[in-house]
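Q: I am new to this structure and would like a close look at a single part, the place where the ligand sits. Please describe that part in one connected answer.

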Amino acid sequence: MLVLSSPSGAGKTSISRRLLELDDSLSLSISATTRPRRPAETEGEHYFFVSAARFEEMVKTGALFEHAMVFGNQYGTPREPVEEALDAGRDVLFDIDWQGTQQVAEKARDDLVSVFILPPSTEELERRLHSRAQDSDEVVRGRMAKAADEMSHWAEYDYIIINHDLEQSVAQVEAILTAERLKRERRVGLRDFVEGLRIGR
Ligand SMILES: Nc1nc2c(ncn2[C@@H]2O[C@H](COP(=O)(O)OP(=O)(O)O)[C@@H](O)[C@H]2O)c(=O)[nH]1
Ligand SMILES: Nc1ncnc2c1ncn2[C@@H]1O[C@H](COP(=O)(O)OP(=O)(O)O)[C@@H](O)[C@H]1O
């Protein structure tokens with residue numbers, strides 16, 4: 001389970017989208033949220049946009065792997081698609097906040113690889129939020145105000161990327177994925193292969 005977190009506007013959605021284009025053994029976990037849909041977003045692709053009542057029901061029935069209140073809206077990870085992907089031997093990409101990452105770490109620390117994306121500067125962060133043009137000025141102001149609080153959790157993450165250049169950031173996350181997939185404890189099923197290599201048995 002690869003988690004990307006960052007303050008709003010730092011680039012985690014852009015990095016996630018490019019990663020999924022490049023890596024066909026990676027599945028995106030699509031979250032449920034009570035946040036209103038942005039003009040450029042589509043239902044079931046970026047999020048499952050649900051009512052507060054529906055979200056509460058998902059929490060009560062245990063349908064969410066983790067959930068949190070972020071910027072005054074509810075966000076959560078549907079459990080079933082994650083379990084299905086992991087059972088099929090696929091890696092799952094999460095774009096979730098620090099609160100969700102803490103919950104995943106509590107449940108499955110050994111299966112979690114967490115990456116925090118930092119902007120090159122607060123000025124650049126604000127510029128990107130405005131250039132994305134998906135939120136009102138008021139929402140942008142709110143997210144900038146919260147950026148410091150978001151970034152105060154950077155030391156809880158395994159890897160830190162400063163997102164100067166998008167393609168370079170994507171290559172860095174790919175390098176993390178490659179290395180983490182090669183870790184011995186993740187090379188399940190290699191024992192027979194190594195046994196077969198024992199010369200002069
Ligand atoms: N805990 C948790 N956080 C989520 C989830 N989905 C999105 N978020 C976080 O909610 C925050 C707001 O996301 P969004 O409204 O898409 O704004 P963006 O950060 O500007 O793309 C971001 O920090 C996301 O990482 C989720 O399923 N669980
Ligand atoms: N390295 C980068 N350089 C310049 N602009 C970027 C970079 N990465 C992302 N952006 C732009 O910044 C804006 C916010 O990116 P986005 O991926 O939506 O951030 P987040 O998902 O973290 O809120 C988007 O308009 C995106 O195209």
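A: The space taken by ligand 1 is the largest pocket. A pocket here is found on a 1 Å grid over the protein atoms alone, as an open set of points with protein on both sides within 12 Å along at least five of seven lines; a molecule sits in a pocket if more than half of its atoms lie within 2 Å of its grid points.

The model is predicted, so local features need pLDDT of at least 70 and side-chain atom pairs count only at pLDDT 80 or more, while totals for chains, interfaces and linings use all residues. Residues are numbered from 1 along each chain as its sequence is written, chains are lettered from A and ligands numbered from 1 in the order in which they are written, and side-chain values use heavy atoms, with hydrogens and water left out.

Helix 1 (12-22), strand 5 (64-70) and strand 6 (73-78) are the elements that give two or more residues to the shell around ligand 1. Helices (H or I, at least four residues) and strands (E, at least two) are DSSP runs, numbered from the N terminus.

The ligand has 20 residues around it, and those that come nearest are Ser-8, Ser-31, Arg-35, Tyr-47 and Tyr-75. A residue is near if one of its heavy atoms lies within 4 Å. By type, the shell holds six nonpolar, six polar and eight charged residues. Ala, Val, Leu, Ile, Met, Phe, Trp, Tyr, Cys and Pro count as nonpolar, Asp, Glu, Lys and Arg as charged, and the others, Gly among them, as polar.

Taken alone, ligand 1 exposes 570 Å², and the protein buries 99% of that. Accessible areas come from the Shrake-Rupley method with a 1.4 Å probe.

Thr-33 belongs to strand 3 (residues 31-33) and is buried, with a relative accessible area of 0%; buried means under 20% relative accessible area.

Note on methods:
On a 1 Å grid over the protein atoms alone, a cavity is a set of points where a 1.4 Å probe fits but cannot get out, and a pocket is an open set with protein on both sides within 12 Å along at least five of seven lines; lining residues have an atom within 4 Å of a point. Buried means under 20% relative accessible area, exposed over 50%, partly exposed in between (1.4 Å probe, protein chains only).
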